[in-house]
Amino acid sequence: MSRPLRIALIASARFPIREPFAGGLEAHTWALASALKRRGHEVTLFAGPGSDPGLGVRELPVQRVVLSAAARADVSMTAPSALAEHHAYLRLMLDLAREDGCPYDVVHNNSLHYLPVAMAAAVRAPLVTTLHTPPTPWLESAIQLGPDGAGHFTAVSAHTAHAWRPVVPEARVVLNGVDTSHWRPGPGGDGLVWFGRLVPEKGPHLAVEAARKAGVPLRLAGPLPDRAYFDHRIAPLLGDGVEYVGHLTRDELADLVGRAAAALVTPCWDEPYGLVVAEALACGTPVCGFDRGALGEILTDACGRLAPYPDTDALAALVPATMALDRAACREHAVRTCSLDTMTDRYERLYEELTA
């Protein structure tokens, strides 16, 4: 960049942007804010309460909604948490729309909420929205309020850009990046690792099934946002070579992944990106997964193998070949294509274009 910029980064209000991260979106937002600050930009992160104060956080005003008995009796009532989130983003966007309320060169919307998109035209600075998910009704409809005034869009993969093409014909693809100075090459090992949110759509139960069929021990790591799923589908499968090691810090997780022979990635939906793939490769750990969503975009034959979903027999059969892949080639691919530096370079070029 020719000059430092004042950047407003809008994060999710649902979970704090801090370790241990609730999910990939929070980890991505933390990494991007940190990288931009290191490059000399003045970053203000609008995020939920409890976020990392080292990021220059201004807390989104997420307040508990107090409703009357009459309002609560309305059968069409929206969940109180959704109301609180709506009003938090509404207050933020109204503040940014004031003539003196947007002292920023660019606003980057990294949330999943519709209001920053719906109100983009009211903000003086250019507004960029990163599309992290498949199309949602609220966000699609917000874009259609005014296609010329909804701001600028990036997508985390070509797969995601294609899914949004009917309403966002020209989203720029900027692959998510991981900090390769943190996700360092590890020595490998003789077991498998699965990491991420333990929820049905991520398919950890299928990872256990494939690991058992392959006869290779497996460690699972990550938060438990769906405790009932864990208790009924995962806990009964533990033991006999399968272990849940908890919700780890980034340092602990990088060490765990680096000491695995391969990572299993088992999405039961079309992953818009798959941050765990980039993190595993940066540790030199090859990936064996289901061919869904963007996984085929990120992986090459030199660093991973993909099986058709949900064929755990096919996945298990690919485990030995995956474990034999060259760890240095996995690391090199991650540094070249999905590093934090590469991602930040691309966002800086976009900011420069928009503020020229």
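Okay, let's start with a definition: rings of Phe, Tyr and Trp (for Trp, its six-membered ring) make an aromatic pair if their centres lie within 6.5 Å, and planes under 30 degrees apart count as stacked, over 60 as edge-to-face and the rest as tilted. With that rule, this structure holds seven aromatic pairs.

Before I show you two of them, some housekeeping. What you see is a predicted model, where local features need pLDDT of at least 70 and side-chain atom pairs count only at pLDDT 80 or more, while totals for chains, interfaces and linings use all residues. Residues are numbered from 1 along each chain as its sequence is written, and side-chain values use heavy atoms, with hydrogens and water left out.

So, how do you describe a ring pair? You give the distance of the centres and the angle of the planes. Take F290 and Y309: they sit 5.5 Å apart, centre to centre, with 85° between the planes, and that is an edge-to-face pair. F290 belongs to strand 12 (residues 287-290) and Y309 to the loop between strand 13 (304-307) and helix 12 (312-323), so this pair ties together parts 19 residues apart in sequence. When I say helix or strand, I mean DSSP runs numbered from the N terminus: helices are H or I with at least four residues, strands are E with at least two.

F290 is buried, at 0%, and Y309 is partly exposed, at 34% relative accessibility.

Stay with Y309 for a moment. R292 lies over the face of its ring, 4.5 Å from the ring centre. The rule here is that NZ of Lys or CZ of Arg must be within 6 Å of the ring centre and within 35 degrees of the ring normal. Y309 is also joined to P310 by a cis peptide bond, with omega about -5°. P310 is in the loop between strand 13 and helix 12.

Now the other pair, Y347 and Y351. These rings are stacked, at 6.3 Å centre to centre and 20° between the planes. The two residues are four apart in helix 14 (residues 340-355), so about one helical turn separates them. Y347 is buried at 0% relative accessibility, and Y351 is buried with a relative accessible area of 0%.

Which residues of helix 10 and helix 13 make their contact? Helix 10 (residues 275-282) and helix 13 (residues 327-337) pack at about 125°, with their axes 7 Å apart. The axes are lines fitted to C-alpha atoms, for helices over the stretch in contact, and angles run from 0 to 180 degrees between N-to-C directions. That angle makes helix 10 oblique to helix 13; under 35 degrees counts as roughly parallel, over 145 as roughly antiparallel, 65 to 115 as roughly perpendicular, and the rest as oblique. And the residues: A278, L281 and A282 from helix 10 meet C330, R331, H333 and A334 from helix 13. Contact, by the way, means heavy atoms within 4.5 Å.

T180 touches A282 and R331 as well, along with V335 and S339, if you skip residues up to four places away in sequence. T180 lies in the loop between strand 7 (172-173) and strand 8 (192-195), and it is buried at 14% relative accessibility.

Most residues other than glycine have a negative phi, and most peptide bonds are trans. The bond from E19 to P20 is cis, with omega near -15°, and P20 sits in the loop between strand 1 (6-10) and helix 1 (24-38). D240 is not a glycine, yet its phi is positive, about 55°. You'll find D240 in the loop between helix 8 (227-234) and strand 10 (242-244), and at 70% relative accessibility D240 is exposed. Helix 7 covers residues 204-214, and its buried residues include P204, H205 and L206.

That's my tour; happy to take questions.

Methods
Buried means under 20% relative accessible area, exposed over 50%, partly exposed in between (1.4 Å probe, protein chains only).
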